[in-house]
Amino acid sequence: MVLPRCTMNQTSITEIVLRGFGNLDYFKFFFICMCLLMYMVTVMGNLIIILSVSTSYRLRSPMFFFLGHLSFSDMLVTSTVVPVMVNVTLADGGSLFLTGCITQFFFFGSLAITQCLLLTAMSYDRYLAICNPLYYSVIMDYKLCIYLVVGCWSLGFVLTLIPIFLIKTLWFCGPNVIDHFFCDLGPLLELSCSDVSIVKYEVLSLSGLLTIIPFLFIVVTYVYIFVTIMKITCITGRQKTFSTCSSHLTVVCAYYGTLFAIYVVPRRGYSTTVNKVLSLMYTVITPLFNPIIYGLRNQEIKMAMQNYLCAQNMWWK
């Protein structure tokens, strides 16, 4: 049931209506099938990477340790959004309790921050491996890897609690309709009858701190990496060294490209359909790209995945 904008003496809303993709008509079945197919490929691809990294002795290095956690976060991101999106699209709209909507945003925001920090940790690993190879094994030891991973996950979930606490203090009186396929922050704040300027300022500051700064750190590390690679006189040596970080650089470009297109570039002139498509790229397509990029561009991952699949086939036989 859609509620109108209410006055101060009316009760707060407890249910949020998601419109999803309401204008698909005859393409609805095709769209749902494609989303489910991409979801299954994303989960299976990232799961194979996690199992390959966990079982292969050739991949016992910090870079692949971080990659396993990045793949796990990709699985969680797409699992947080896609099931709700498919259900809403199938029913031409659906509803969530307000607490469920806020919970979905909490997990989505936490995982987005975690991925930014994991990509930053991976760039630091590549910087040490290429620019300071003599000290790499001393600095990037198992203990530091654990600290970095625990820090990435902890900061992602703990810091997202700040806007969640602020959102819980807001009064939502209606309307209760979000023209989106999941509970993103912007559409959620538009439903509040309270002053949301503090929440927006806090989220803007927090997102700038946890996205722009890691991105600049990644840019600086790759500047040093490229300078170091250009100093290598042998062309084969340059190509071999660059290949160790090309997959990570491709993932960074894809991830931050969609992230900036959604949350940084001004979107006042965008239609809701364009906003949904951009969000679809970030929540569904980008997690699908990561296992494909690492599977195609990284020979060690490719060999480990082939060995793992061959071992599973032999076991089933």
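## Overall fold

The protein chain has 10 helices and 3 strands, where helices (H or I, at least four residues) and strands (E, at least two) are DSSP runs numbered from the N terminus. From the N terminus on, the order of elements is β-α-α-β-α-α-α-β-α-α-α-α-α. Of the 317 residues in the protein chain, 47% are buried (under 20% relative accessible area; exposed is over 50% and partly exposed lies in between, with a 1.4 Å probe and protein chains only).

The model is predicted: local features need pLDDT of at least 70, side-chain atom pairs count only at pLDDT 80 or more, and totals for chains, interfaces and linings use all residues. Residues are numbered from 1 along each chain as its sequence is written, and side-chain values use heavy atoms, leaving out hydrogens and water.

## Helices α3 and α5

Helix α3 (residues 98-131) packs with helix α5 (residues 142-168) at an angle of about 145 degrees, and their axes are 8 Å apart. Axes are lines fitted to C-alpha atoms, for helices over the stretch in contact, and angles run from 0 to 180 degrees between N-to-C directions. The residues of this contact comprise 17 nonpolar, 6 polar and 1 charged.

## Salt bridge

The structure holds 1 salt bridge (a side-chain nitrogen of Lys or Arg within 4 Å of a carboxyl oxygen of Asp or Glu). It joins the side chains of R126 and D125 at 2.9 Å, N to O. Both R126 and D125 are buried.

## Residue L37

L37 lies in helix α1 (residues 28-55). L37 counts as partly exposed because its relative accessibility is 43%.

Terms used
Ala, Val, Leu, Ile, Met, Phe, Trp, Tyr, Cys and Pro count as nonpolar, Asp, Glu, Lys and Arg as charged, and the others, Gly among them, as polar.
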